[in-house]
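Please summarise the charged side-chain pairs in this model. Then place them in the fold.

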Amino acid sequence: MVNENQSPLILGVEDEATQAIVLKQCLKGHNFNFHVVNNGQAALDFIYSEKPDLVLCDWMMPGISGIDVCKEIKSNPKLTSTIFILLTGKSSVEDQVFALEAGADDFLNKPVNKSQLLARIHAGLRQKKLFNQLQIANKALKETQSQLVQTQKMSSLSRIVAGVAHEINNPANFIYGNIQYLKEYFQDLFDLIDLFLEKQETLPPEIEEFMKNIDFEYLNEDIPKVLSSMTTGTKRINKIVQSLKSFSGLDEADIKLVSLNDCIDNTLTLMQQQLEEKHIDIVREYKQLPRIYCHFRNINQALMHVIANAIDAIETKQESSPELRGIITIQTLLVSEKTLQISIIDNGTGIDPDAFENIFDPFFTTKPIGSGTGLGLSVTYRIMQRHGGTISCNSFPGSGSEFVISLPTQPVLGVVAKSSIAS
Ligand SMILES: Nc1ncnc2c1ncn2[C@@H]1O[C@H](COP(=O)(O)OP(=O)(O)OP(=O)(O)O)[C@@H](O)[C@H]1O
Ligand SMILES: [Mg+2]
C-alpha cells in the first residue's frame, strides 16, 4: 500500500550490473525506498515477502523472465495491485501489446531516460494510491451492506419471534396456571378414595377388579410425578417465551438512570449461590462510571446471560480438571466520553473455532439437549443493539473467553413497535 508517511517501496529487477547501477542513479535523491535483485526468482521472493508498491523489471533475463514474473504476480489476488513496469530493448508494437496483455501496467524502452522513468514511476504510484482508496471504499461499502442485511434480517426475525412469543405465551400460562388446580383436585380425589377405603372393610369384587386393572397403587404414586414434570416443562416454555420477548423488545419496560457497576453487583448477588456451589471467584475491577439511562431490566438480563455462560464454561472445564478454581473477572471502564465498556473474562473452556461464528445466532447452542436454549447471547446482542451498543467475543480455546460489551454513555433507547404487544 502506498503509505502517505512512508517512502514507496520500489523493486528493480535487472540481471546486468551496469543497468542496475543506471536505475539506482536515476532514482537517487528521490523519496523512494529502492531495492535491486538480479533474477526472476529473487524478484518473486522479494515481492511475496515485502510486497513492494512498484516493480521495474527487465524483460529478458536468464531463468524466469520478466514476463513470467509479471504473469505470476498479476494472477495473485493479493499482489495484483502491485504496479509492474517492464523494461526492455524490444520496441515493436507487437512486443508492447504482448507485454501489456501479460498484465504489465507500463512499458519502458532501454536505455531508460531518467525523466521518462521518473514520470512513469509517479504515474504508477498515483494509480496504486487510487487503487488502494478504491479498495478501502469497497470494503467499507461491503461492511455497510452486510450490516444493513443483518439489521433487516434481525428486524424481520424479531417480528416473527414477537408473534410466536405471543401465541405461545397465553396457552403456556393457561397450562401452567391449571396444573396448580389439577394438583389440588387430584389430592382431594385421592384423599376421598383413601377415606372410602378406610371406612370400607371389604370392597365389592368389581371395584377390586377395576382397581387392579388400572394399577391404582401406581397411579397414586405416579400422578404427582407427571404433574411435576408438566410444571417443569411449562416453566421452561415460560423461560423461552421470556427470552423471545426480550429478543424482540417486547418486554422493554422501565427506563432508569443506573450505574452499570451496580447492575453487575445486583446480577452477581442473584447468581451468588451458583457461584459458590461451583467454586468460582469473582474478581471485580471496576472503574468509576457515569450513570446512564437504559432499559435496566434488559441490561441486567444481558449481564446474567453472559455470566451464566461463563459459569457453564468453567463447570464444563472442571469436569476434566476438577482442581480448577474458576475465576470470572469483570472489568468496567470509561473508554471515552461517549463509551463505557464491560469485559467479562472467564477461565473456562473457551469456544471451539467451529462454533465461534455462530454463538450470537438465535437457538445456537453446544449444550446438551434440554439444558441450553441457545437464546442467551442472541438476546444479549439484540439488547445491546437496541441501546446503540455492541457485544463482541475473544476466545482462547482451552483456556477461556472474554466478552466485551460497549455501551454509549447516552444510549439510543430504541422505541419498540408496540402494535405486536398484546400478551
Ligand atoms: N463464556 C463462554 N465460554 C465458552 N463457550 C461459550 C461462552 N459463552 C457462550 N458460549 C458458547 O455459545 C453458545 C451460545 O450461547 P447462548 O448463551 O446463546 O446459548 P446457551 O448458553 O447454549 O443456552 P441459553 O443461554 O439459552 O440457556 C453456547 O452454547 C456455548 O457453546
Ligand atoms: Mg447461555
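Lys74 is buried, at a relative accessible area of 19%. Buried means under 20% relative accessible area, exposed over 50%, and partly exposed in between (1.4 Å probe, protein chains only). The partner of Lys74 is Asp105, and their side chains form a salt bridge at 2.8 Å, N to O. Lys74 belongs to helix α3 (residues 66-74) and Asp105 to the loop between α4 (93-101) and β5 (106-109), so the bridge ties together parts 31 residues apart in sequence. Asp105 is partly exposed, with a relative accessible area of 27%.

This is a predicted model: local features need pLDDT of at least 70, side-chain atom pairs count only at pLDDT 80 or more, and totals for chains, interfaces and linings use all residues. Residues are numbered from 1 along each chain as its sequence is written, chains are lettered from A and ligands numbered from 1 in the order in which they are written, and side-chain values use heavy atoms, with hydrogens and water left out.

A salt bridge here is a side-chain nitrogen of Lys or Arg within 4 Å of a carboxyl oxygen of Asp or Glu. The count by this rule is nine salt bridges.

| Pair | N to O distance |
|---|---|
| Asp53 and Lys128 | 3.6 Å |
| Asp105 and Lys74 | 2.8 Å |
| Arg120 and Asp106 | 3.2 Å |

Asp53 sits in the loop between α2 (40-50) and β3 (54-58), and Lys128 in helix α5 (residues 114-199), 75 residues apart. Asp53 is buried at 4% relative accessibility. Lys128 is buried too, at 3%. Arg120 in helix α5 pairs with Asp106 in strand β5, 14 residues apart. Arg120 is partly exposed, at 25% relative accessibility. A network of salt bridges links Glu14, Asp58 and Lys110.

Now the sheet. Helices (H or I, at least four residues) and strands (E, at least two) are DSSP runs, numbered from the N terminus. Five strands form an open sheet in the order β2-β1-β3-β4-β5, with parallel pairing. Two strands pair if DSSP finds at least two bridges between them. β2 (33-37) and β5 are the edges, each with a single partner strand, so one side of each has no neighbour in the sheet. β1 (residues 9-13) and β3 share four bridges. Leu11 has Val55 in β3 as its bridge partner.

The chain is divided into domain 1 (9-112), domain 2 (154-248) and domain 3 (255-417). These bounds come from an automatic or database domain assignment. The C-alpha centres of domain 2 and domain 3 are 35 Å apart.
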